[in-house]
2 protein chains.
Amino acid sequence: MLYGVTGKILKVDLDQQRTSVEEHDEAFYRTYGGGGCLASYYLLKERPAKIEPLSPDNLLVFASGPLVGTGIPGGNRFSVAAISPLTGCYGEAEAGGWWSPELKKAGYDAIIVEGAAEKPVYLWIDEGTVRIRDAAHLWGKDTGETQDIIRCELGSRSVRVAAIGPGGENLVRFACVVNNLRHTNGRSGMGAVMGSKNLKAIALHGRQQVPMKDREALIRIRRWYAENFMDHPVERVLHDGGTIGWDVTELDEAGILPTRNFHSGSFEHADAICGETFHRDFFVEADGCWACPVRCKRVARSQGPDVVDPRYGGPEYETAGAFGSLCGVSNLEAVCKAHELCNKYTLDTISTGSTIAFAMECFENGLLTHEDTGGLELRFGNDRAMLQLIQQIATREGIGDLLAEGSRRAAQQIGGGSERFAMQTKGQEMAMHEPRGKASLALAYALSSSGANHTEAPHDFLFQPGAFGVGDMAELGILEGVAAQYLGPEKVRQFAYMQMTWQVFNTLGMCIFTAGPGKLLKMSQVAQALAAATGWDTSLWEVMKLGERTITAKRAVSVRQGISRSDDRLPERMFEPLEGGLLKGKALDRAEFERALDLYYDALGWDPRTGVPTPGKLNELGLGWASPLLDQFRGRE
Amino acid sequence: MLYGVTGKILKVDLDQQRTSVEEHDEAFYRTYGGGGCLASYYLLKERPAKIEPLSPDNLLVFASGPLVGTGIPGGNRFSVAAISPLTGCYGEAEAGGWWSPELKKAGYDAIIVEGAAEKPVYLWIDEGTVRIRDAAHLWGKDTGETQDIIRCELGSRSVRVAAIGPGGENLVRFACVVNNLRHTNGRSGMGAVMGSKNLKAIALHGRQQVPMKDREALIRIRRWYAENFMDHPVERVLHDGGTIGWDVTELDEAGILPTRNFHSGSFEHADAICGETFHRDFFVEADGCWACPVRCKRVARSQGPDVVDPRYGGPEYETAGAFGSLCGVSNLEAVCKAHELCNKYTLDTISTGSTIAFAMECFENGLLTHEDTGGLELRFGNDRAMLQLIQQIATREGIGDLLAEGSRRAAQQIGGGSERFAMQTKGQEMAMHEPRGKASLALAYALSSSGANHTEAPHDFLFQPGAFGVGDMAELGILEGVAAQYLGPEKVRQFAYMQMTWQVFNTLGMCIFTAGPGKLLKMSQVAQALAAATGWDTSLWEVMKLGERTITAKRAVSVRQGISRSDDRLPERMFEPLEGGLLKGKALDRAEFERALDLYYDALGWDPRTGVPTPGKLNELGLGWASPLLDQFRGRE
């Protein structure tokens with residue numbers, strides 16, 4: 001008997017309109033966990049190299065993890081993964097909320113979708129029973145309409161719906177997946193993959209709790225967390241102000257608030273888009289996820305002029321940055337509206353904001369004209385143009401059709417040197433964290449297998465022991481942190497370990513806001529919780545190896561799509577001086593960056609010439625079976 | 001304040017006849033622990049490349065570890081390390097007993113000896129006070145005489161003496177160090193390094209217990225162990241019969257008892273040298289080490305014809321194998337006598353027995369003649385010749401002078417193809433474990449930085465979960481063992497992890513007989529004990545990283561002495577069929593062996609072309625400072 005996991009993985013073949021169930025044993029779950037590692041397993045095992053992301057060949061994975069639904073705070077996440085239409089390599093996005101625990105309650109740890117339906121469908125999973133239902137009447141509907149109709153026709157208000165809106169349907173390359181209207185698997189264009197499969201939504205209902213080996217131990221951890229999180233400087237801030245309340249002001253003051261497409265690290269109107277303003281003018285209530293007392297989500301409302309519907313939640317810091325400072329927009333109501341539109345239409349707020357900022361810079365430099373924009377005066381700060389473009393991107397109207405391809409492809413079309421305005425790595429736009437001020441982000445963005453990804457590894461602000469009086473990395477052998485802007489050898493070492501911690505969470509289904517470096521729950525408590533949930537005789541060693549395996553498994557997927565060291569890059573702007581803010585003049589050093597990459601590849605067991613994981617490292621991680629799949633990419637070896 | 005360690009390392013400069021004390025902080029001890037890792041730190045940090053082992057340039061390290069003296073069963077070991085005169089690369093040997101806890105009680109975690117005294121001296125460390133005393137009157141004395149005289153002149157029967165006899169003085173390249181007459185730092189010729197420094201002995205006395213952070217927790221572990229070890233199939237066998245009682249019969253039946261210089265895996269007279277015979281005819285009492293209830297040591301006595309003195313303890317399995325089956329000798333009394341002589345004269349029983357077996361094979365094949373041997377009929381089974389040769393090796397008389405160089409150098413002198421009879425890697429003779437039947441030993445012997453070393457990593461018999469009903473490697477993510485003779489990828493993976501466990505013990509000062517794979521104490525209990533002793537917020541992750549660091553630090557030392565992948569070899573005989581026993585016909589597959597090495601280097605982060613640790617791996621392990629020291633050995637890189 002298995003504990004902590006259902007042991008069942010649902011496979012949905014949309015070509016054949018058939019479903020089946022794969023059962024796995026303890027060894028499988030200990031090796032692949034869930035989330036991105038499990039998704040990588042299926043992408044490697046069941047797919048050939050060089051898949052076309054928007055073809056039926058792509059595999060779309062919805063994966064919870066062994067800690068989901070266990071009651072440990074933050075144990076409510078899931079990953080949607082596939083080959084990304086934005087990057088062409090491993091794509092993934094996580095979300096929290098209630099969908100992931102519901103999936104396990106409904107009887108499955110993960111769903112693997114292959115092929116594509118001829119006509120729009122949605123999946124309805126009710127207590128283990130799966131139906132593929134017609135979704136013709138849902139096509140074209142936004143997420144709110146979609147959820148309403150599905151709940152109505154299934155006769156239950158409590159059905160959990162993850163869906164795409166027009167963005168996903170129209171194959172916007174950065175379309176997201178939204179569950180419960182407020183929780184988004186934002187990045188990598190997973191919504192477009194759903195769209196390409198004519199899969200409108202997955203609706204869930206389940207009541208069966210996965211059995212736990214030692215529920216009392218989990219309850220103790222949960223209680224302890226609930227009693228203590230408000231005394232923790234990070235958790236408390238997240239509870240009190242959400243990410244928007246925490247980051248905008250602090251990052252602006254530190255000179256690392258991405259502003260006007262990463263020209264500056266400080267925004268003169270930061271106050272207008274910060275948490276204080278948000279809470280004063282637009283805050284309705286805090287929201288949260290299953291079994292988590294932090295409730296870090298904010299809900300926004302506005303009566304207009306830009307009416308903002310609270311059904312769709314409210315902006316995270318990333319959204320405030322992407323539609324605020326990055327676009328030079330100081331109108332927080334417009335930012336909230338942009339958030340609402342993105343959740344309605346299923347667009348990733350980061351890539352949407354960044355692609356618009358890219359277009360603004362093109363416009364300011366004459367590479368886009370009024371003719372291109374359909375008359376829009378697409379300058380930094382023009383919030384009207386920004387909101388208009390979101391609509392057009394979702395529907396691929398006018399210039400929206402070009403921008404729906406993401407900044408890298410758009411730049412290739414626009415030409416004229418506009419590539420240097422596309423703030424992306426591997427095709428995915430950078431999140432609202434400034435590598436010139438947080439060196440760990442330089443590594444995270446360059447090295448993540450899914451392109452610039454701010455959830456790849458803890459940020460420098462978090463992983464300096466003592467930075468918040470919460471130096472808890474001693475258990476990993478890191479007794480002293482290093483400065484945020486330092487990109488030397490010790491940063492690489494710490495980054496590698498830190499990356500393992502967040503990739504542990506990724507694959508176990510944990511939130512990065514409750515546990516790990518700079519958070520209340522220690523890594524060893526996460527390992528204890530895992531043991532309590534599953535009954536595994538596990539340890540922090542095995543858990544960290546799971547994180548390491550996750551990193552390398554994802555890399556293996558990307559390598560098979562053609563990614564190599566030459567793709568582990570940053571936008572050129574990162575090597576140019578910041579133009580404003582506390583760190584004005586600061587640039588990354590190219591030689592230092594390359595040296596850091598060299599050290600990283602060695603540390604991870606990837607060939608530094610190619611960035612391809614070595615056969616022996618794959619073998620050590622239990623991924624030896626995947627090594628022959630990478631042989632053709634080993635180049636000189 | 002430090003717990004669990006003294007924080008003090010004694011440095012003895014024999015050139016200047018001066019001593020000094022280095023103090024270190026928690027970060028130092030967490031990084032380098034003690035034992036071989038600490039020794040490697042000093043060899044890398046304070047010595048140049050390509051040291052001549054018997055010159056004053058060599059550094060001789062006596063290092064306990066953070067678990068020594070804590071009361072955890074088996075926490076009583078220390079390493080003696082230096083560049084080895086036998087191998088020319090990293091040399092090390094561990095011993096248990098009482099000497100190591102006494103060192104910490106006397107105020108030091110380790111002693112670093114540099115230079116060489118003009119005349120014989122010994123060190124006397126009494127409650128922190130160090131004296132360098134004249135040892136002219138001790139020179140030429142065996143260990144028993146030496147200990148008696150030192151105790152007499154220091155006026156205490158409880159002084160702990162580690163000393164060399166004639167073997168060390170005469171620079172026999174496999175001379176050992178003996179403490180309390182019964183405990184030996186056997187391998188790598190550390191006794192010869194002592195001899196080259198004119199250092200006859202180190203005498204200790206101390207009463208100061210190192211403070212522990214949580215002594216109660218340690219007492220609980222100790223009590224739990226004491227209450228349970230007799231129910232454990234391995235610990236019980238060790239307690240009841242010692243290693244001689246366990247291994248001879250079992251290995252013979254399994255076809256892996258090294259016989260007649262590794263020609264056969266079965267000895268027709270195994271019964272005559274087995275534990276049952278020993279206990280019937282020669283056993284006096286069991287003996288043990290500080291704070292360990294197992295008491296796995298045997299004490300032997302015989303009234304003659306070969307009178308055996310029980311002061312010197314009795315033979316381990318290694319000794320019974322080396323002087324018994326390996327030399328084709330069925331006279332167990334002669335084996336016990338050989339043991340006594342080796343402990344008196346400070347000769348490593350394994351290398352002594354193996355070098356004599358080598359000489360026997362040379363003689364049988366006409367490569368050595370009566371003229372060479374001084375009339376000895378040096379055939380397999382001639383126990384009289386064997387005992388005679390031990391004497392001659394210690395004193396370098398006659399052919400003993402040649403054999404005192406070890407089998408590799410002797411073969412170079414003898415020529416005629418005799419190299420193929422030298423059962424050594426990197427110049428160190430293989431221990432009494434048969435790689436053709438235990439594939440993990442093929443890797444341990446080939447890859448250990450100190451040459452063929454049976455304490456490098458757990459043996460296959462031990463690390464198969466379930467082999468003894470003690471599958472306890474799940475905490476390392478190993479859920480299923482693989483067959484002993486299997487040398488495929490999964491063996492490499494398990495070997496790498498297992499090697500880390502024993503190297504953890506090496507550096508923490510723990511015995512491999514009480515903890516780890518196939519033993520009673522789990523690795524996680526070792527980590528808990530370490531936390532209790534030191535107060536460190538540590539984890540199994542950090543502890544295993546310490547093991548990994550130890551492996552690579554030792555390798556770095558050997559690389560600087562010129563070792564590369566081409567030295568990671570096994571004797572040719574290992575690729576030839578076993579001539580007798582259950583595994584008759586079994587040979588290692590060369591291609592499989594080379595593939596296993598490839599996978600291992602990748603897994604450890606060593607360049608598979610050169611066997612040199614990569615800069616990024618060294619950096620990840622906190623050894624980045626040592627990377628430039630290896631640059632000249634990176635070859636093509």
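Helices (H or I, at least four residues) and strands (E, at least two) are DSSP runs, numbered from the N terminus. The expected span of a helix is 1.5 Å times one less than its number of residues. What you're looking at is a predicted model, where local features need pLDDT of at least 70, side-chain atom pairs count only at pLDDT 80 or more, and totals for chains, interfaces and linings use all residues. Residues are numbered from 1 along each chain as its sequence is written, chains are lettered from A and ligands numbered from 1 in the order in which they are written, and side-chain values use heavy atoms, leaving out hydrogens and water.

View 1. Helix α2 of chain A covers residues 35-46. Its 12 residues, at 1.5 Å a residue, should span 16 Å, and the C-alpha atoms at its ends sit 17 Å apart, which agrees. Now, is this helix mostly enclosed or mostly open? Of its 12 residues, 10 are buried, so the rest of the structure largely encloses α2(A). (Buried means under 20% relative accessible area, exposed over 50%, and partly exposed in between, using a 1.4 Å probe and protein chains only.) Among the buried ones, look for A:Gly35, A:Cys37, A:Tyr41, A:Tyr42 and A:Leu44.

**View 2. A salt-bridge network in chain A.** A salt bridge here is a side-chain nitrogen of Lys or Arg within 4 Å of a carboxyl oxygen of Asp or Glu. By that rule, the count over all chains is 86. Four residues are linked in a network of them: A:Arg173, A:Arg396, A:Asp401 and A:Glu405. One pair to pick out is A:Glu405 with A:Arg396, at 2.7 Å from N to O.

**View 3. Two salt bridges in chain B.** B:Glu114 and B:Arg47 join up through their side chains, 3.3 Å from N to O. This pair links distant parts of the chain: B:Glu114 is in strand β6 (residues 110-114), while B:Arg47 is in the loop between α2 (35-46) and β3 (59-63), 67 residues apart. With 15% relative accessibility, B:Arg47 counts as buried. The other pair is B:Asp607 and B:Arg609, at 2.6 Å from N to O. B:Asp607 is buried, at 4%, whereas B:Arg609 is partly exposed, at 36%.

**View 4. Helices α18 and α19 of chain B, packed together.** α18 (residues 439-447) and α19 (residues 489-508) pack at an angle of about 60°, their axes 10 Å apart. That makes α18(B) oblique to α19(B).

View 5. The peptide bond from A:Gly304 to A:Pro305 is cis, with omega near 15°, and A:Pro305 is in the loop between β14 (297-300) and α11 (317-323) of chain A. Over in chain B, the bond from B:Gly304 to B:Pro305 is also cis, with omega near 15°. A:Lys50 isn't a glycine, yet its phi is positive, near 50°; at 57% relative accessibility, A:Lys50 counts as exposed. B:Asn261 has a positive phi too, about 55°, but B:Asn261 is buried at 0%.

Notes
Axes are lines fitted to C-alpha atoms, for helices over the stretch in contact, and angles run from 0 to 180 degrees between N-to-C directions. Angles under 35 degrees count as roughly parallel, over 145 as roughly antiparallel, 65 to 115 as roughly perpendicular and the rest as oblique.
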